[in-house]
Amino acid sequence: MGKRDSYADIIILYLIMLIGAAEVAHLFGTFFHKSVSGCTMIFGVLAVLSAAVLAAYETFGNRRAAVREKALYSLHERLLLAFFVILAVSQILYMVLGKNVYVQGDMTVETVGSFLQTDAFYQVNPMTGQAYKEGLPSRIEILCLPTLYAALSNIFHVRPELLILYTVPVITLLCCYGAYSCLAKALFPDNRSGQLCFLIMTALLIWIGSYGYGMDGFGLLFSGWRGVTIRNTVLIPYAISLCLRKKYFYLPLCALAELCIVWTLYGLGACLPVVLGMVLVGFLRRRQAAGKEAADGGTA
């Protein structure tokens with residue numbers, strides 16, 4: 001925690017805070033039967049406050065962190081960086097210029113459209129166009145991604161299909177690389193070539209995985225708006241990087257963000273087991289190292 005957060009940390013933390021703001025607005029609107037437009041105002045206020053709090057924390061909370069000037073990129077590092085940028089830009093163009101979306105069994109666009117048309121939450125079944133005859137399961141009612149997308153559509157006056165199918169996947173991809181850049185810095189500290197090679201391998205694996213349904217690469221390039229994709233490609237790698245960098249203060253935020261956007265294993269989630277596993281491994285390694293030092297001291 002003594003090291004200053006990177007720009008990637010700030011971006012991902014703000015994404016998590018936006019998810020939290022959307023969850024607050026969503027629960028308020030769902031359980032108190034408020035309009036979508038009213039909840040959009042709540043979300044906007046919370047989003048601005050979150051940005052202010054994050055900016056204040058990064059400015060004053062990290063002001064004692066040591067900032068080390070990095071040397072300029074060498075020719076080898078510039079070539080690696082250029083190769084990675086080409087891979088990332090090609091993926092963005094692939095998503096934006098083509099009709100590379102997978103919406104089978106997904107009703108996010110229709111759900112957000114029903115929110116905006118009725119100015120209410122879950123009043124019309126987007127599959128039938130009729131009012132819901134039965135109540136929704138609580139596990140559906142707590143998920144906030146439709147509310148987040150509806151609020152963004154209202155604020156920026158963007159059609160839901162354009163926002164969800166094209167804009168959000170690009171943001172998810174960029175946040176994914178932000179999370180993996182944090183992981184690369186944790187795995188290869190002070191080794192910029194190693195970090196860039198790690199990101200290049202990540203980009204190549206995303207391309208390779210795009211040919212198989214259920215792979216993270218497929219989720220990123222074909223359905224980046226889904227909660228499962230955000231969880232698998234942003235929250236989990238970022239949580240692992242936090243464990244390696246010993247930034248434990250941020251770890252609960254990853255688990256809570258997952259709870260707000262995807263329902264896995266009936267509430268257990270995936271971030272929590274990953275975090276607990278990483279913490280356990282770190283604890284065992286420290287005990288092993290302490291035991292080895294004690295044995296070496298006794299032998300001496």
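In these legends, Ala, Val, Leu, Ile, Met, Phe, Trp, Tyr, Cys and Pro count as nonpolar, Asp, Glu, Lys and Arg as charged, and the others, Gly among them, as polar.

**Figure 1. The lining of the largest cavity holds eight nonpolar, three polar and no charged residues.** Please keep in mind that this is a predicted model. The count here comes to one cavity of 30 Å³ or more, and about 40 Å³ of space lies in the largest cavity. Its lining is made up of Met95, Asn100, Val101, Leu165, Pro169, Leu220, Leu221, Phe222, Ser223, Gly224 and Trp225. Two elements give two or more residues each to this lining: helix H7 (160-187) and helix H9 (216-222). Helix H9 gives the most, with three residues.

Figure 2. Along the sequence, the pattern reads α-α-α-α-α-α-α-α-α-α-α-α. The chain has 300 residues, and 43% of them count as buried. Among contacts with a separation of 6 or more, 74% are between residues 24 or more positions apart. The accessible surface of the chain comes to about 16700 Å², and carbon and sulfur atoms account for 67% of that surface.

**Figure 3. The rings of Tyr94 and Trp207 meet edge-to-face.** This is a view of one of the 13 aromatic pairs counted in the model. The ring centres of Tyr94 and Trp207 are 5.4 Å apart and the planes stand at 70°, so the pair is edge-to-face, for which the angle must be over 60 degrees. Tyr94 sits in helix H3 (residues 75-97) and Trp207 in helix H8, so this pair ties together parts that are 113 residues apart in sequence. How much of each residue is left accessible? Tyr94 is partly exposed, with a relative accessible area of 30%, and Trp207 is also partly exposed, at 21%. Stepping back from the pair, ring pairs link Tyr94, Tyr102, Trp207, Tyr213, Phe218 and Phe222 into a cluster. One member of that cluster, Phe222, is also found in the lining of the largest cavity.

**Figure 4. Tyr180 and Phe198 form a tilted ring pair.** Here the ring centres lie 6.3 Å apart and the planes are at 40°, so the pair is tilted. Tyr180 belongs to helix H7 and Phe198 to helix H8, so the pair ties together parts that are 18 residues apart in sequence. Both Tyr180 and Phe198 are buried.

**Figure 5. Ser193 of helix H8 touches His76, Glu77 and Leu80.** These contacts leave out residues up to four places away in sequence. Is Ser193 buried or exposed? With 19% relative accessibility, Ser193 counts as buried, because the cut-off for buried is under 20%.

Figure 6. Asp119 lies in the loop between helix H4 (108-118) and helix H5 (138-141), and Asp119 is partly exposed, with a relative accessible area of 32%. With a relative accessible area of 67%, Asp190 is exposed.

Note on methods
Residues are numbered from 1 along each chain as its sequence is written. This is a predicted model: local features need pLDDT of at least 70, side-chain atom pairs count only at pLDDT 80 or more; totals for chains, interfaces and linings use all residues. Side-chain values use heavy atoms; hydrogens and water are left out. On a 1 Å grid over the protein atoms alone, a cavity is a set of points where a 1.4 Å probe fits but cannot get out, and a pocket is an open set with protein on both sides within 12 Å along at least five of seven lines; lining residues have an atom within 4 Å of a point. Grid points are joined across faces, edges and corners, and a volume is the space filled by probe spheres set on the points. Helices (H or I, at least four residues) and strands (E, at least two) are DSSP runs, numbered from the N terminus. Buried means under 20% relative accessible area, exposed over 50%, partly exposed in between (1.4 Å probe, protein chains only). Contact means heavy atoms within 4.5 Å. Accessible areas come from the Shrake-Rupley method with a 1.4 Å probe; for residues, only the protein chains shown count as cover. Rings of Phe, Tyr and Trp (its six-membered ring) pair if their centres lie within 6.5 Å; planes under 30 degrees apart count as stacked, over 60 as edge-to-face and the rest as tilted.
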